[in-house]
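The following report describes how the parts of one chain are arranged, and is meant to be read alongside the sequence and the structure.

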Amino acid sequence: MVRQPVITNEIVKSINAWKREIQLKQTYLPFITVRKVNKVGRRHWVYCVRQNREVHLLSDGEERSYKILLWQPNTISVEEQYVLDIDETLDIAIGLNVIHPRDWKTFVAHPMTLDFLVKVRLPNGGFKLIAYSFKYWNQIFEITPEGEVVEKSSRTWQKFCIEREYWARRGVEYRIITERNTTKQRAWCVNYFELAHDLVASRNELVEFGEAFIESWISDPRAELQDHLNSVGSNLRLSFQRSQSLFQYCGLHHLLPIVTTRHIRLFRPVELKL
């Protein structure tokens with residue numbers, strides 16, 4: 001059996017303090033914040049307009065993944081940098097015979113955090129949780145000379161195994177995602193759509209706009225987006241700004257079948273999946 005690191009009182013106190021602060025403020029707070037991370041790299045400390053709170057994302061990939069997960073049709077909430085119970089993760093590490101994450105100098109155990117815990121609404125009105133770990137593809141996979149994709153960085157995969165077992169004990173699905181799942185193009189589109197997050201529009205206006213936009217697109221799929229917006233706006237007596245805002249809102253809330261595998265720009269054609 002491998003030797004396991006020790007859990008200090010300071011670590012236990014920090015986790016308990018995090019739990020108390022969430023209860024006191026009655027809003028989610030990430031366990032790890034941008035201020036606490038000293039590693040070199042890009043960090044994102046931003047205000048989330050949908051969850052009405054500050055979020056802390058520790059890489060560009062995490063930032064893109066957060067936006068895409070947040071605006072999925074059935075997403076209720078996304079909690080980032082969610083700390084796991086350290087006694088249980090250590091117990092799991094012992095069972096798997098792998099070393100728990102630790103400070104290699106002091107041999108003190110590090111709390112494990114999940115990148116995203118997502119609450120998803122179910123068709124019956126209930127909800128379920130899905131746990132996500134984000135890593136860049138080339139950090140965990142490589143291609144052999146024969147063209148086969150294989151896992152690399154065994155230490156990272158050991159940590160994944162601890163996380164997977166932790167959430168399995170709670171009946172929560174665990175997923176590993178990379179930038180290939182949450183691409184720059186998809187995130188770009190979400191950012192563009194999000195500009196109209198606070199648009200006020202009636203259901204009738206949204207339906208009327210959606211039907212008119214689809215009709216315009218079918219008549220000329222190769223036309224630029226701005227041409228469709230002008231055409232729909234003219235037919236419905238809307239300003240270009242209003243027409244674009246309705247398009248963005250429909251895209252954000254998946255009311256139009258817009259393909260987001262490439263950047264959406266006004267001077268380019270837009271693709272619908274009908």
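In this predicted model, Val-232 is buried, with a relative accessible area of 1%, a value that falls under the 20% cut-off for burial. Val-232 is found in helix H8, and, leaving aside residues up to four places away in sequence, Val-232 touches Phe-209, Ala-212, Phe-213, Ser-216 and Ser-243. The C-alpha atom of Val-232 is separated by 52 Å from that of Glu-165, although the two residues are 67 residues apart along the chain.

Two of the residues that Val-232 touches, Phe-209 and Phe-213, also belong to the largest nonpolar core, which has 41 residues and in which Phe-116, Phe-209, Phe-213 and Phe-247 touch the most other members. The elements that give two or more residues to this core include strand S2 (53-57), helix H2 (60-70), S6 and S7, together with helices H6 (184-194), H7 (203-219), H8 (225-236) and H9 (240-252). Apart from this core lies another, of 16 residues, among them Leu-84, Leu-117, Ile-140 and Tyr-166. The contacts of Phe-116, not counting residues up to four places away in sequence, include Leu-57, Tyr-66, Leu-69, Val-78, Ile-130 and Phe-134.

Helix H9 has 13 residues and reaches 18 Å from its first C-alpha to its last, close to the 18 Å expected at 1.5 Å a residue. Because 10 of those 13 residues are buried, H9 is largely enclosed by the rest of the structure; the buried residues include Ser-243, Phe-247, Tyr-249 and Cys-250, and what covers the buried residues of H9 includes H6, H7 and H8. His-254, which follows H9, has a positive phi, near 60 degrees.

The sheet is open and is formed by 4 strands in the order S3-S6-S7-S10, with mixed pairing. Strands S3 and S10 are the edge strands, each of which pairs on one side only, and the twist averages 25 degrees from one strand to the next. S7 and S10 pair in the parallel sense over 5 bridges, and Tyr-132 has Arg-175 in S10 as its bridge partner. Helix H5 (residues 154-168) packs on the sheet, touching S3, S6, S7 and S10, and its direction makes about 155 degrees with that of S10.

| S3 | residues 75-83 |

Definitions and conventions
Residues numbered from 1 in each chain as written. Predicted model: local features only at pLDDT ≥ 70, side-chain atom pairs only at ≥ 80, totals over all residues. Heavy atoms only, no water. Pairing = 2+ DSSP bridges. Axes fitted to C-alpha atoms, helices over the stretch in contact; angles between N-to-C directions. Contact = heavy atoms within 4.5 Å. Core = buried A, V, L, I, M, F, W, Y, C linked by side-chain atoms within 4.5 Å. Buried < 20%, exposed > 50% of the residue type's maximum accessible area, 1.4 Å probe, protein only. Expected span 1.5 Å × (residues − 1).
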